[in-house]
Amino acid sequence: MASQRTDVSELSQSQQLALQQYTAVTDQDVAAAIPLLRRSEWNVQIAIAKFFDGEGPDPVAEARAAQNAPPPRAARQENLQHSLLQGSSRGLRSEPQPDAAPRIVPQPEDDAVQRPNLILSLLFTPFSLLYKLFFSPSFGLFSFLFPFLPRALRPNPTNGVARRANTGGRRSLKPRDSVARLKREFEEEYGSNTLPFYEGGYAQALDLAKKDLKFLLIILISTEHDDTSSFIRETLLTPEVQSFFNDASNNLLLWVGDVRDSEAYQVSTALTCNKFPFTAVVAHTPKVSSTAMSVIARVVGPMDASTYLAKVRSAISSHEEQLATVRASRSAQNFERSLRQEQDSAYERSLAQDRERARLKKEAEAAAAEEERRKKEAEEAAEKLATNKLQWRQWRASQISPEPSADSKDVVRIALKMPEAARVMRRFKAEDDIEELYAFVDCYESLQDGSAADKVERPVGYKHEFDFRLVQTLPRVVYGVEDGGTIGERVGRSGNLIVEPIKDDEDEDDD
């Protein structure tokens with residue numbers, strides 16, 4: 001793991017970008033992708049082609065090797081027996097390399113046929129007839145008059161002209177639709193079967209076999225061949241062959257194609273199929289290359305089911321050990337990757353939990369600080385209110401006029417029942433405002449202890465509110481200070497009043 005990180009860190013920015021593009025397309029491990037990109041001169045397209053098609057001989061490397069080749073040695077004399085022995089030993093040591101499996105991606109075809117307008121078709125009908133008569137590929141009238149002309153002017157297929165597929169009038173479809181049509185034809189012709197057709201194109205099947213490290217079994221049939229029907233009935237559709245194909249432990253992927261279809265015909269040409277029915281076994285060959293898919297066996301011609309299964313099993317068993325090694329290596333890599341992802345996920349979850357705890361702790365600290373600040377402000381406000389209230393009482397006590405004498409006229413005698421169960425008798429001038437009576441009750445303690453002083457000023461910005469009301473019991477009459485008026489007008493010549501505290505809503509609820 002350390003070497004992999006070192007290699008990635010030592011790459012340039014363009015090389016890291018090429019590595020990201022290559023791994024995004026091929027999903028190959030970084031440790032195997034870097035050497036392949038280096039061999040491809042960091043060309044992403046060449047590296048992807050090598051990954052899917054396998055690596056062939058590198059002409060640039062061969063040219064460099066030829067330039068750096070040592071000079072030829074001096075000729076030496078050998079006898080015939082020594083040369084034969086060396087040749088036989090070299091032949092025993094060399095192993096035949098399997099053919100690379102081609103990757104064929106058919107070009108998409110537009111099935112929609114543009115039909116001309118009726119008027120245009122009527123106008124061009126004479127020209128079409130003349131073309132078919134004189135200039136058609138079969139030479140029309142000239143081929144009838146001169147039969148040797150078509151054979152003489154027909155291009156020779158051996159002169160480099162590619163042969164074309166004999167579609168037999170079959171409509172060209174997409175790979176998935178072609179497989180569905182072939183499966184339906186099998187059921188209509190040979191009855192129901194359990195062959196596990198791969199419902200996709202050849203390139204998709206090849207990529208899936210490479211990804212899942214499975215054996216790709218390619219079966220190509222031709223309805224023009226005489227042995228096709230008997231091979232399908234007596235070999236492919238036998239119970240032992242079908243059960244072998246459906247056995248998941250064999251790691252098989254079955255792709256069947258009819259050479260009348262375009263994709264199957266291209267596959268047969270690429271696999272050099274010269275005889276039908278044709279079966280090819282394709283598998284990943286790690287000894288050739290880390291990404292190579294090779295044809296490890298070809299089973300050609302009709303044969304019985306037991307012989308057919310023996311050949312296929314032999315090809316699979318000869319390469320099963322190599323694929324098992326690659327599967328184990330890939331499984332270990334996937335396990336390490338999943339373990340690393342789980343560790344990263346657990347770390348992210350732990351980090352998120354720590355962040356959430358830190359956020360909650362910070363919010364709790366902020367709420368506690370806010371509550372402390374609010375309490376402090378409330379205490380300061382209450383302290384300031386008490387100070388202003390005391391200052392106001394001292395100032396207001398100094399402003400209360402002295403009690404008039406008993407002989408004075410327009411005097412109101414009032415008996416006040418204080419909250420402390422004290423009864424106070426006092427005379428007030430009839431023209432005094434009702435607020436004077438309230439101020440006397442509120443400043444009674446200051447008047448008693450002599451704390452009233454002329455030097456005390458009225459607190460600035462403070463509006464005093466009385467926390468009591470004066471009430472007459474029988475009948476009950478409330479003399480509110482907010483109603484205004486003089487004492488004589490509100491109370492009369494005399495009165496018995498009770499000082500009733502104004503309770504808050506909470507206190508009333510408690511009561």
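Let's start with helix α4, residues 44–53, where V44, A47, I48, K50, F51 and F52 are buried (under 20% relative accessible area, with exposed being over 50% and partly exposed in between, using a 1.4 Å probe and protein chains only). Helices here are DSSP runs of H or I with at least four residues, numbered from the N terminus. This is a predicted model, in which local features need pLDDT of at least 70, side-chain atom pairs count only at pLDDT 80 or more, and totals for chains, interfaces and linings use all residues. Residues are numbered from 1 along each chain as its sequence is written, and side-chain values use heavy atoms, leaving out hydrogens and water.

So what covers the buried residues of α4? The cover includes α2 (13–26), α3 (30–39) and α11 (202–212).

## The two ends of α4

At the start of α4, N43 has a side-chain oxygen within 3.1 Å of the backbone nitrogen of Q45. Just after the helix comes G54, with a positive phi of about 90°.

## Q322 in α15

Now hop over to helix α15, residues 305–399, which holds Q322. Q322 counts as buried because its relative accessibility is 18%. Leaving aside residues up to four places away in sequence, Q322 touches T285, P286 and K287 (contact means heavy atoms within 4.5 Å).

## L120 in α7

Is L120 buried or partly exposed? This residue of helix α7 (residues 118–135) counts as partly exposed because its relative accessibility is 42%.

Conventions
A polar contact is a pair of N or O atoms within 3.5 Å; within protein, one must be able to donate a hydrogen and the other to accept it, and residues adjacent in sequence count only if both atoms are side-chain atoms.
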